[in-house]
Each structure stands twice: as structure tokens, then as C-alpha cells.
Amino acid sequence: MRTVTGGEESKVDRVGVSVIVLCLLLILGATVAPKAAGAYIPTLQIVGDIENALDIRGVEGLDLQTITYGDRTLHAVSIDELLKIAKPRSRSDVIYSAPDLAARVDASLLANSYLAFTPENGWEVLNFDHPTSSNIKRLEQIIAVAHELEWDDRITIISPIENIAYFSIGQLHASSQYVHWEYNGSATFTHDTVGYTSSVYTKSPAVTLSDLAGEADLGRVLVVGGSGEMAVYKGGMFLLRPNHVDFVAEGRRGMVKNVKGIILNSPVSSNSDAFHDALHFLGAGRSVLLVILDGFGYHQYAYASDNGYLPFMSSLGEAQRVLSVYQPVTNAGLASILTGVGPEQNGVMSRNQRSLTSQDLFEVATEMGKMSAYIVGDRQIINVSMEPVYNLDLNQSGSTDDEILATTLLYAKKDVDLVVAHFKDIDRSGHTFGDLSLQTMLTIAETDRYLEELITSWDGMVIVAVDHGMHSTLDGGGHGLLRYEDMFVPYFILEGGKR
Ligand SMILES: [Zn+2]
């Protein structure tokens, strides 16, 4: 009899099967002779800042050359050729890592470096150009450590007010201090009423939150995954996979795959609150105007407010600083505002998705018997449950925000319970001129005048939400990265009407 518990099913099955095979061999008293003496070849891994992780389990399939090194003649493979397959993400160093020794060399200088396997030395590096101290034997890993990386290819640690630190996967592999034994599953045989249980674990190098965050003040910590999922940290380990990092929560209470970074001191509020707050007011019989401003980071709001570019909004008090979504782009930010849930539930995590997999605000409002309008520019970015009111640039001002303002003011006079209007000029200006440029500040000031008209004309509640922020680039601005300028945005709830 066999009972199996825990882990993923497929893994458990495999564990179960190998336990059965092992047991059969033991029962039959069989021994398994290797195909040839010394046939066991340990796996050599190529890991770190590379696109393709490689597990080299033998010499078959490798492009072998015959080299003469000192008085030895060996079949060897060019390390340069292996790295071409692994594809380092940028100019790198490689670290040759053995159980008790490592050597670091520049990966661009490996034209005369080879890898051979011999029964005496295991995997062995043979460098013709480098000092012989870099000829590492019993090699276990070749770790590529990038000199420089794109923001998105590394793990970033941020808070609402700064980008604190970043790490490359290669750097983490080179410095990992912990071994995490990851539980795969258990199998039990019962013989004569005695249960014989075997649990199986796989070993993974790991780092802890304090390795990543150092001395920084932690507060509420979120672990952000590549698909936009965010988990509140309550203990756990960051497991170093060959070319990415997975987070496993303590007690196996979940996993975040392909970690993009960590947010420290994260507020509980996010721009998805707009959905819940709008429904709350609609439920209380109030009409709601939801103004969505595109690409307006909290740091831009604070700068504009401090420098007199937001006279009307500043007179109404301070905005709340809330979290946007990962990736901080319009599709995902809008989806969050209009569905009240994150990308893992609404299905929109990047510019590549347009279709929602959860109910939107208009759908729920309709179910409540409320009338809605969705006012956009000349196109819609995600598909919602109702047909939007489009606005063309009729006066050829180069923007549709003035037309959106006029249309929204018209709807303010109609008998509509929920109006959602999406203004885009701050984002466009941020892209062209930069997040804190004078031109963008003047656009923010223009939007402030629009907000004054809208809020004073609206007889009901007004929510101002923002899809994502904006950071400086060499030629203007951009967004879509796990950095504080993109991830934190202002949020307002106001009472409309004449002041
Ligand atoms: Zn944009």
C-alpha cells in the first residue's frame, strides 16, 4: 500500500515511482552496474545573468576539440562557445565555482579557455591565456555576473520614496549563503502494519530578505512577481534558480515566481481602491465621477504641489499615496482601477493584454441599476463591458483632453450615476519632455484647471485615480518598471459641487 501526500502531483508521482524502483531493487537484492567504470558524470551548471540556463550532464552533443595542455591531450569544449548558447544578458565576468575554490575572469577574454571532463579531475577549466590559478578542477558551476543590466533584468528593492538597491541573479549566485531544502513530497509503504515514510527534498541556494534589504526599514513588505502578483511577506526564502529567483513563503504558504523585486514600507491602499470606493458611494445613493489621470507619479504630484502647479487640487488637501500595479503601464493600471483586483485576477498585466477576466465597474454598476458613461479619447486601451464615448481631436489642438473635458461636463448635466473619464496629456507630456520638466508641470497645471471645472460642476462624489507613474529617461520619460516613480501614484476622494 502506498499513500502520497503534499507537493505538486507530478513531482509526487515521480518521487513515488523512484521510491518504488529503489524498493524493488532492494527487495530483489540487485546491484546496478554502471555502463563503464567511472561513468558517473556530475552535472555542471551555467547560471546567472544569462538567457538560457544550461545543465551539462555529459560530453555527448558538445562540440569537442582535441587540445594539448602541458603533457596532456584532452577532448575539450570551448567555454566561449558554451557561453554563446547560454547568452549572457550583457558584458559579464564568469566565476568558475568548485566546492572549495572559485576563480573570476572577464567573459570577453575566453577565446583560449576550455572545459574538459576527466575521471580524475571532474569538470576542469583549462585556460591558455589566464594564470593557472584559474584552472579550476571539480567545477560545479559557471556563474555569469553581468557588468551592467537593464532595470527589468534584475531584482529591485524600492520604497514609496526611493529606489533602494538592486541585484543581478549572477551577483546573488556568487554571494548566496544559504541552502534551502525544498520539500518535494513524501511516500509511505506499509509492511506488516509498520509505515515506512520517505520525504524527498531538492537543494537550492537561497538568500533571505535581510540579504536583499540590508539595514533598510522594512514596514509592510511586498514581494512582486513577474506576472504582477504581489505577496505580503511574512517570512520565507528567495530561491536562486539558474537564471531567475522564486520566493517561497514560510511553511510553504505559497510561492511568487520570477521575482522582479520587493517593495518596503508599502501602503495598504492601491489604485484598485477606486473600484471599491466608487461602488461604495453608488450603493449609498451618490453619483460618482471617476477621473483617471494617465501617467502621474506621486513624486510628480508632490513636486507640482510644492511649486504652485496644482493650485486648485492643493487647496483641497493632500493626496493619498497609493500603489499602482506591476507592470505600471496603462493597460494594467486601468484594469486595476476598473476591476478592483490585481493582474493575477483581472488578466491584464502588461501592454500585451486588453481583455478582462474579472467583472468591471460598469458591469457591477449596471447590476445595481445604475446608469454609466465611459469617456475616452480616440481609442480604448482595454475592453470594458460598455461601449465608450469616443472623443476626436476636433479642434486639432494636438490633444483630446479638452474634448474629453467638454464631453464630461455635458454628462455632468445628464442623469447618469457613474461617469468615468480618462485624461491622457500628463502621460504624453511626461514621455516627451520628462516627468518633472517645465512642459509637464504646465500640463499638470492645465489638468488642475480641468479638475476644478469638473469637480465644481459635479453634484456627487469625485474620485481621482492614476494608472501609473513616470520616471526620467535619457530622452524624456518612461514607465513600466518596478521603481518608485512608476509604482506610486496620488489618489483623491472629494465631494463635488460649487465651493
Ligand atoms: Zn505612457
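**Close-ups of a predicted model**

**View 1. Strands 8 and 9, side by side.** Strand 8 (residues 113-118) and strand 9 run antiparallel and are joined by six bridges. Strands here are DSSP runs of E with at least two residues, numbered from the N terminus, and two strands pair if DSSP finds at least two bridges between them. Look for serine 113: its bridge partner in strand 9 is asparagine 127. Residue numbers start from 1 along each chain as its sequence is written. Since this is a predicted model, local features need pLDDT of at least 70 and side-chain atom pairs count only at pLDDT 80 or more, while totals for chains, interfaces and linings use all residues.

View 2. The strands sit in the order 4-5-8-9, with antiparallel pairing. Strand 4 (65-69) and strand 9 (122-127) are the edges, each with a single partner strand, so one side of each has no neighbour in the sheet. From one strand to the next, the twist averages 45° (axes are lines fitted to C-alpha atoms, and angles run from 0 to 180 degrees between N-to-C directions).

**View 3. Where domain 1 touches domain 2.** The domain assignment gives domain 1 (34-146), domain 2 (151-263) and domain 3 (273-495); such bounds come from an automatic or database assignment. Domain 1 puts 13 residues into the contact and domain 2 puts in nine, where contact means C-beta atoms, placed from the backbone, within 7 Å. On the domain 1 side, strand 2 (44-48), strand 6 (92-98) and strand 10 (141-146) each supply at least two residues. Strand 10 gives the most, with four residues.

Note on methods. Two residues are in contact if their C-beta atoms, placed from the backbone, lie within 7 Å.
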